[in-house]
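Visitor: I have a model open and would like to learn how to read it. Where do we begin?

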Amino acid sequence: MTCYFIGGAPRSGGTLLASILCADRTTNPTLREAHYLREMVQTYRAGKQLFNTLEGGHYFSNAEDVRQFSATWVQAFLDKLSVRYAPATNLVLKSFLMSAMFPAVFELLPEARFLISVRDPRDIACSQIDVGEKQRQQG
């Protein structure tokens, strides 16, 4: 199964991109942001830092051991999604907050594909203002 991660700035078109990709019969349906997965990647990043600064050698043999353990955990999560959304052969996951962590995701899942949604910052600002106005009107 190929996993596609979509990131970028909020209001930059990532949700639209995910919706387009998820319209294909080989993918999962459009899902909410991958918060749980983001926390898993954040835990890996923190664990790597702890190994390098405080715990070196107490719980893991080396930094590669930390990576392998974390990769197994993340892969188990993706395998669960794969079963849940069978017969999809591709997973499309979106997380704008995880965009900055894409290098760590790549360390864990080197076969993954990454897409970054880019939009003119002025358009993003206008879109955020529009959303804010709608939310204000809704209370």
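Guide: Begin with Glu107. This is a predicted model, and in it Glu107 is partly exposed, at 31% relative accessibility.

Visitor: What does Glu107 form a salt bridge with?

Guide: With Lys48; their closest N and O atoms are 2.9 Å apart. Lys48 is also partly exposed, at 25%.

Visitor: Which parts does the pair tie together?

Guide: Glu107 sits in helix H4 and Lys48 in helix H2, so the bridge ties together parts 59 residues apart in sequence.

Visitor: How many salt bridges does a search of the whole structure find?

Guide: Five. One of them joins the side chains of Arg38 and Glu39, at 3.2 Å from N to O. Arg38 is buried, with a relative accessible area of 13%. Glu39 is partly exposed at 43%.

Visitor: Now the core. Which residues have the most contacts inside the largest nonpolar core?

Guide: The general idea: nonpolar side chains tend to be buried together in soluble globular proteins. Here the largest nonpolar core has 24 residues, and Phe5, Leu37, Val41, Leu78, Leu93, Met98 and Leu109 have the most contacts inside it. E1, H2, H3, E2 and H4 each give two or more residues to this core. Look at Met98: beyond its sequence neighbours within four places, its contacts include Phe5, Val41 and Arg38.

Visitor: And the sheet. What is the strand order?

Guide: E2-E1-E3, in an open sheet with parallel pairing. E2 and E3 stand at the edges with a single partner strand each, so one side of each has no neighbour in the sheet. Phe5 stands opposite Phe114 in E3.

Definitions and conventions. Residues numbered from 1 in each chain as written. Predicted model: local features only at pLDDT ≥ 70, side-chain atom pairs only at ≥ 80, totals over all residues. Heavy atoms only, no water. Pairing = 2+ DSSP bridges. Helix = DSSP H or I, 4+ residues; strand = E, 2+ residues; numbered from the N terminus. Core = buried A, V, L, I, M, F, W, Y, C linked by side-chain atoms within 4.5 Å. Buried < 20%, exposed > 50% of the residue type's maximum accessible area, 1.4 Å probe, protein only. Contact = heavy atoms within 4.5 Å. Salt bridge = Lys/Arg side-chain N within 4 Å of Asp/Glu carboxyl O.
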